[in-house]
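Dear colleague,

Please find the structure below, followed by an account of what was found in it.

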Amino acid sequence: MTVTEPKPSYKYVGTRPVRHDGLEKVTGRARFAADLNMSGQLHGIVVRSPHAHARIVSIDTSEAEAMPGVKAVIIGDDFPAVEPGHRQYDMCINVIARDKVLYEGHAVAAVAASTRDQAQAAAAAVKVEYDVLPAVLTIDQALAPDAPVLHAHMMTAGANPPAEEPSNISNITRFSGGELDAGFAEADLVIEREFTTQPVHQGYIEPHACVADTGQDGHTTIWCSSQGHFNVRSSTATLLGWETTRIRVIPAEIGGGFGGKTTIYLEPLAVALSAKAGRPVKMVMTRDEVFRATGPAPGTKLRIKLGVQSDGNLVAGDAYLIYTNGAYAGPGGLLGAMTVFESYKIPNFEVEALDVVINTARSAAYRAPAAPLTAYALETMLDELAEELGIDAMDLRLKNAVAEGDPSTMGFPFARIGFVECLEAVRDHPHFTAPLGPNQGRGLAAGYWFNIGESSSATVNLNEDGTATVVTGSPDIGGSRASMALMAAEELGIDPHDIRPVVGDTEAVGFTDITEGSRATFATGMAVVEACRKMVVELRGRAAKMMGADIDDVDWVDGQAVYTGSDGDKDPLSMAAICAKAKRTGGPLTATGSLEAHGAGPGFAVHLCDVEVDQETGVVRVVRYTASQDAGTAIHPSYVEGQIQGGVAQGVGWALNEEYIYDSDGVMENPSFLDYRVPVASDLPMIDAIIVEVPNPAHPYGVRGVGETGIVPPIPAVANAIYDATGCRLRDLPMSPIRVLEAITANGGSNGS
Amino acid sequence: MLSAMKYASPTTVAEAVDLLGSEPDARVYAGATDLIPQIRAGRPEPAVMVDLKRIERLCAISGNGSTYTVGAATPTADICVHDGLAAAFPGLVEASGLIGSDQIQSRSSLGGNLANASPAADTPPSLIVNDARAVIAGPGGERTVAAADVATGPGTTSLGGGEFIVEFELDQPPARTADAYLRLIPRTEMDIAVVGAAARVTLDGDGRVAAAAIALGAVAPTVVRVPDAESALIGNEPAGDALAAVEAAASAATNPIDDKRGTVAYRRQVAGVLARRAVSIAAERARERGGQS
């Protein structure tokens, strides 16, 4: 179901052709990073810390180096020293520890051997002497007055007055607007609530993997899956102290990233091992390593206070947010602060957010980082306010929703956005008024993500037969090849399947930033459109030459050069006809587009979730789910729907069962998909995705990023539905059967509707 | 990791017994759905892996009218589609259909599920409420013991050196008898029981309970029988106070642990709920079956 407002009529944009990479992926022929093998390759294994916090006293690699098949062993000292203050200090000491290990699973050495078994045996023989330090495992421990300090150099940024002693607070962010006290004074109802959430993993199916081949000329080629191969190149160059020109990164297909592959772990180790051994080195993480050493999204403690007038007008909001980013400085709290009050008109607000380090793996981005947690708090509190005031939860949101021209808490006025349209789409959906069964409850929640632009490049090459190759620098993590081909088809006027969309390596296309912030179809799409528009000018010029006409008398219409001048009739020239004569009209037909994209339109989503709660066991099943989202313009609607549905699936898992479980020493207890419970297919109903199209004025086709916003509303939607079914407010994640049953029991037993 | 092990695939029980006798560090497996993850998790590799699935007797299901014989290595997927077993032991069949996923069930087996001796295994409670007997082969020949006597603790069994389970014997239930199995997992599949409860009920002609067996999984080091719940049912209709007594007795019979999959309090509470529900389902099935034996 699609709700649209008037827009230009497109021939290809908005259609659903089979994706160009589809057949290879469903038949298993597509090459992911772990599928790549090179002759003579070695296998690299990482030696990881068993301790959450320890000083490295010594590392003895001699026994490992003497073992059968072992060709290279490396440790942190094999890389250039880095000091605090270095631009990528955290990344450098995370990829391989130097003087300290900061979490269980932290890499301390790596081994390359002829077989994986030999490498594993040798890794086990690397002797690391540790001076074990007390581990800081929770926010409360990190903030305790006598807490062990993870980083002696960590002086809190943003502290007022400035920090004089190091602490575990990396950063404090403050925003405010209006007059908070005056705002609360105007309120008829004020509530304050606290929430806790645990770190969760992105749960991509494909473990991190790479192959690196370093030649005697000091140049290396890396094949890997990532969300941005230019970033792999620059980070690897930084860590190795190499010039960028010595590193070529060739993107493999990617088996899921969700933000978790915006950083690197293995590549510099593989390059260093390969350089030392003189052979290609392949490294593939196990699932256990993926859980222990990569990814998680931050855990949090959140406290929010809201003031509302009896007619439902929100007048004041005060948020105190603490995010853990694992063992390093990170942006969780900052991003939480940027999103917490952004969806609603709250004239008086203050936000204070702390980013805190603890002895767990370094956090990485995860779809709309930080926003699902602030939404969990805010959107469940809105439901409480609505109930208390006797106002419908939908009406309360419609009354306070931001729209074009409203100021954001970040200070800028919103351009055209589709929040109200998303609310209305759900309100008008049959689900909204469908009857509920016994023990069922319904929850409504909204979500926001700002999306970003950044740098993108594209090249369009026309082939001799009039077909086209579109090369971009964005890995295809969510159907972007198809979207690029559709936009190019619309511009050039040829069928999308006469276009080959290609993800170019770092030496084949211009610089392109990571695929993050839902930017690929938005920003890289803009680069494709720019390149195609240059190409159309070139094609008109070539056609004019062939016609003996002036370029201004040649239009490009539906894939043909059409003469519009007054010098009699001239036959239109097809792309194929122009390409066939290219040698006589100026040579190969190539155009590029490179830009820094601005105006990424904010994404809004509104979700409606029905759950059924077993009141005696606390088990929650999601039985119906409807999700609306403003896509601006859906270039390929199937992949917009897929992004929405994927966000819901991950958000439901986050709501119900996913969490990192550590023992008292900081050792992860559930590093497998058996005990780290992402939803399985049978856990979810068919998710009804409603694409709302409120075009983004900054994009030639009106695109807004859609990859992230869909994960923001599910946690509060599920929580609100559980409340509706049980009368219990759950303010701690995950809302597992244990927690739900505890709440029901504490509430005096079952309260089925 | 699964590197230098030898693999043997005997085709007779005798051949398997000989192999195990001649190789001290041999380990039998059926589906290996537990063994391979255990090795991947760091358990020492056996020198020889002995595949039991090539022995016909271990992968057969047969019935002679009074007793069913189910080979210990028979894929649970085969059990799930066996009409005779489904009619006689619906609870055992539903337990078999809950292990892992469809893919796992094409490998997993009753023998492996019992001999692995996980307290959370799905089929042992159902084997036990149906008084299944395990036929065990070893250097001393064959012996038959109650399935309830095989597991002795988490990961430990009463099987001697060189012994393995050949098959299970299950007597055709009497009239007005049926079983049921329920398990609690946070997901809908691909998970390990937080609590499991099997019940078997025999009704008399008036709809009162003539015989009952209740067994709980994942709430103690081994499967727990609940005699207090069983006796509370005898002579009563399986409803009201009798079911409340089942719930209370089942909760009281548990001896669970706190771990990453559940808490003591949760397991205790839910064990009672599942036991009560399993008894209700089994009794309803028993009523539907009527005089059929």
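**Domains 2 and 3 of chain B**

Between domain 2 of chain B and domain 3 of chain B, two salt bridges are counted. One salt bridge joins Asp122(B) to Arg183(B), with the closest N and O atoms 2.8 Å apart. Please note that this is a predicted model. Polar contacts across the interface of these two domains come to 11 residue pairs, both residues being at pLDDT 80 or more. On the side of domain 2 of chain B that touches domain 3 of chain B, the elements giving two or more residues are helix H4 (83-88), helix H5 (90-96), helix H8 (124-129) and strand E8 (151-153) of chain B. By class, the residues of that side are 16 nonpolar, seven polar and three charged.

The assignment for chain B gives domain 1 (6-51), domain 2 (56-171) and domain 3 (177-289). Domain 2 of chain B and domain 3 of chain B have C-alpha centres 20 Å apart. To their contact, domain 2 of chain B brings 26 residues and domain 3 of chain B brings 24 residues. The two domains bury about 1,900 Å² between them, and carbon and sulfur atoms give 57% of that area. Of the area that domain 2 of chain B buries against domain 3 of chain B, 27% is supplied by Pro119(B), Pro125(B) and Val129(B), which is more than any other three residues supply.

**Between the chains**

The size of an interface is often given as the accessible area lost when the parts come together. For chain A and chain B, the buried area is about 2,100 Å², with 50% of it on carbon and sulfur atoms. Glu616(A), Arg677(A) and Ile738(A) account for 27% of the area that chain A buries against chain B, more than any other three residues. In terms of contacts, 24 residues of chain A meet 22 residues of chain B.

Six salt bridges are counted between chain A and chain B. In one salt bridge, the side chains of Asp675(A) and Lys260(B) meet at 3.4 Å, N to O. Helix H4 (116-125) and helix H20 (737-746) of chain A are the elements that give two or more residues to the side of chain A that touches chain B. Of the elements on that side, H20(A) gives the most, with four residues. The side of chain A that touches chain B is made up of 10 nonpolar, six polar and eight charged residues.

**The two domains of chain A**

Chain A is divided into domain 1 (370-451 + 601-746) and domain 2 (454-597). The C-alpha centres of these domains of chain A are 39 Å apart. Contact between them involves 16 residues of domain 1 of chain A and 16 residues of domain 2 of chain A. The area buried between the two domains is about 1,200 Å², and 66% of this comes from carbon and sulfur atoms.

How many salt bridges are found across the interface of domain 1 of chain A and domain 2 of chain A? The rule finds zero salt bridges there. Polar contacts are present, however: five residue pairs are counted between the two domains, both residues being at pLDDT 80 or more. The side of domain 1 of chain A that touches domain 2 of chain A consists of eight nonpolar residues, seven polar and one charged.

**Two buried sites in chain A**

Helix H10 (residues 332-339) of chain A has seven of its eight residues buried, so it is largely enclosed by the rest of the structure. The buried residues of H10(A) are Gly332(A), Gly333(A), Leu335(A), Gly336(A), Ala337(A), Met338(A) and Thr339(A). Among the elements covering the buried residues of H10(A) are strand E8 (169-177), strand E15 (314-324), strand E16 (348-356), helix H11 (371-389) and strand E17 (440-449) of chain A.

Thr459(A) lies in strand E18 (residues 454-462) of chain A. With a relative accessible area of 13%, Thr459(A) is under the 20% cut-off and therefore counts as buried. Apart from its neighbours within four places in sequence, Thr459(A) is in contact with Thr469(A), Val470(A), Val471(A), Val509(A), Thr590(A), Ala591(A) and Thr592(A). The C-alpha atoms of Thr459(A) and Ala327(A) are separated by 40 Å, the two residues being 132 residues apart along the chain.

Kind regards

Methods:
Residues numbered from 1 in each chain as written. Chains lettered and ligands numbered in written order. Predicted model: local features only at pLDDT ≥ 70, side-chain atom pairs only at ≥ 80, totals over all residues. Heavy atoms only, no water. Domains from an automatic or database assignment. Contact = heavy atoms within 4.5 Å. Buried area = accessible area lost by both parts, 1.4 Å probe. Salt bridge = Lys/Arg side-chain N within 4 Å of Asp/Glu carboxyl O. Polar contact = N/O pair within 3.5 Å; in protein donor to acceptor, adjacent residues only side chain to side chain. Nonpolar A, V, L, I, M, F, W, Y, C, P; charged D, E, K, R; others polar. Buried < 20%, exposed > 50% of the residue type's maximum accessible area, 1.4 Å probe, protein only.
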